[in-house]
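Here is a friendly walk through one model, written for someone who likes to see the cut-offs next to the values. Please have the viewer open as you read.

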Amino acid sequence: MSELDAFRAYAETYPDDCVLLVDTIDTLGSGIPNAIQVFEELKRKGHKPVGIRLDSGDLAHLSIQAVRMLNAAGFPDTTIVLSNELDELSIWQILTQIEQEAARNGLDAEHIIRRLSYGVGTRLITSAGASALNGVYKLVALRRDSRWVPAMKLSDSPSKIPNPGDKRAWRVYDRRNKATADLLSTKDESPADMPRMVLRHMTEASLQRTLLTKDVLAIEPLLEDVLCEGRQVVPPATIEQIRARRQSDMERLDPGVKRLMNPHIYHVSLTERMWQLKQKLIAAMRQVFPPSVMNAFHPN
């Protein structure tokens with residue numbers, strides 16, 4: 001199904017509430033032209049299209065160009081819905097840019113702004129720290145003959161290379177009983193068995209630190225089985241228990257991590273064995289897919 005086919009199917013289902021997301025492929029090259037074509041078809045059938053939605057890119061510039069194209073096609077009143085983690089500052093910046101650039105495109109800034117609608121979600125219902133979790137599933141192991149074999153995806157960006165294999169997660173507390181680091185290990189190792197813990201940075205080979213046994217008060221496993229072979233093995237916690245645990249976690253964070261201005265970074269590190277496994281897989285994959293080949297797949 002093409003983009004135009006998808007737009008037509010949506011318009012057929014919602015002929016009087018038709019808002020089309022136009023930035024899936026090429027906003028100006030295909031999205032808006034295809035939307036205009038569908039709007040014209042709706043108009044001939046006696047329906048009035050509502051508008052388009054922009055969810056990525058330079059929203060101010062694209063809004064201006066969208067208005068120019070829609071006006072030329074005979075749709076001077078359609079709404080332009082903007083979204084993509086908007087808040088009051090990003091909306092202010094969009095409006096300011098439109099006010100500065102509209103005249104250069106032969107358009108009235110106020111006319112554009114009156115047509116805008118804002119989809120404010122994440123930044124409205126959550127606080128502005130890191131309370132909203134953006135997550136992506138990535139394959140890190142393959143099942144081979146009843147065992148898990150570590151796997152990973154290569155990327156030109158080191159921060160996007162996942163940590164391979166079946167892992168365990170730990171929280172390490174220093175002698176003050178404050179959390180000093182979280183640690184990812186391979187499935188078959190435990191920091192409690194290490195006379196000295198080498199904490200490796202996720203991506204930077206030169207960044208590491210060592211914790212001696214005498215410097216560690218406690219080590220807490222962070223992963224707990226809730227479901228096993230389809231059966232619930234841990235009873236659900238009450239809201240009071242969840243609140244108490246979170247409060248305890250907060251109290252055991254260093255004050256420097258919790259301060260609002262210039263807080264310390266709380267690190268998640270790798271054990272030496274996990275670090276070596278990751279580097280071994282990267283080296284092996286680089287031999288199969290050298291940089292020249294990777295660049296051919298990812299020219300940008």
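Helix H2 has 18 residues, which at 1.5 Å a residue should span 26 Å, and its end C-alpha atoms are 24 Å apart, so the two agree. The expected span here is 1.5 Å times one less than the number of residues in the helix. Helices (H or I, at least four residues) and strands (E, at least two) are DSSP runs, numbered from the N terminus. For H3, the 14 residues should span 20 Å at 1.5 Å a residue, and its end C-alpha atoms are 20 Å apart, which agrees.

This is a predicted model, in which local features need pLDDT of at least 70 and side-chain atom pairs count only at pLDDT 80 or more, while totals for chains, interfaces and linings use all residues. Residues are numbered from 1 along each chain as its sequence is written, and side-chain values use heavy atoms, with hydrogens and water left out.

Confidence comes next. pLDDT is the predictor's confidence in each residue, from 0 to 100; its mean over the protein chain is 90, and 93% of the residues reach 70 or more. Over residues 292-300 pLDDT stays under 50, and the model has five contacts (heavy atoms within 4.5 Å) for them beyond four places in sequence.

Back to the helices. Buried means under 20% relative accessible area, exposed over 50%, and partly exposed in between (1.4 Å probe, protein chains only). In H2 the buried residues include Thr27, Gly31, Ala35 and Phe39, and the buried residues of this helix pack against H1, strand S1 (19-21), S2 and H3. H3 is mostly covered, with ten of its 14 residues buried, and the cover includes H2, S2, S3, H4, H5 and strand S4 (116-118). Glycine 74 follows H3 and has a positive phi, near 90°.

Which residues touch the most other members of the largest nonpolar core? They are Leu20, Val22, Phe39, Ile52, Ile80, Leu82 and Ile98, out of 35 residues in that core. A nonpolar core is a set of buried Ala, Val, Leu, Ile, Met, Phe, Trp, Tyr and Cys residues joined through side-chain atoms within 4.5 Å. H3 gives the most to this core, with eight residues. Apart from it lies another core, of eight residues, among them Trp170 and Met197.

Now for the rings. A search of the whole structure finds two aromatic pairs. Rings of Phe, Tyr and Trp (its six-membered ring) pair if their centres lie within 6.5 Å; planes under 30 degrees apart count as stacked, over 60 as edge-to-face and the rest as tilted.

| Aromatic pair | Centre to centre | Between planes | Class |
|---|---|---|---|
| Tyrosine 10 and tyrosine 14 | 4.9 Å | 45° | tilted |
| Phenylalanine 39 and phenylalanine 75 | 5.7 Å | 65° | edge-to-face |

Phenylalanine 39 lies in H2 and phenylalanine 75 in the loop between H3 and strand S3, so their pair ties together parts that are 36 residues apart in sequence. Phenylalanine 39 is buried at 0%, and phenylalanine 75 is buried at 6% relative accessibility. Tyrosine 10, in contrast, is partly exposed at 34%, and tyrosine 14 is partly exposed at 39%.

A charge sits over a ring if NZ of Lys or CZ of Arg is within 6 Å of the ring centre and within 35 degrees of the ring normal. Lysine 43 lies over the face of phenylalanine 75, 5.4 Å from the ring centre, and the charged end of arginine 252 sits over the ring of tyrosine 173, 3.6 Å from its centre.
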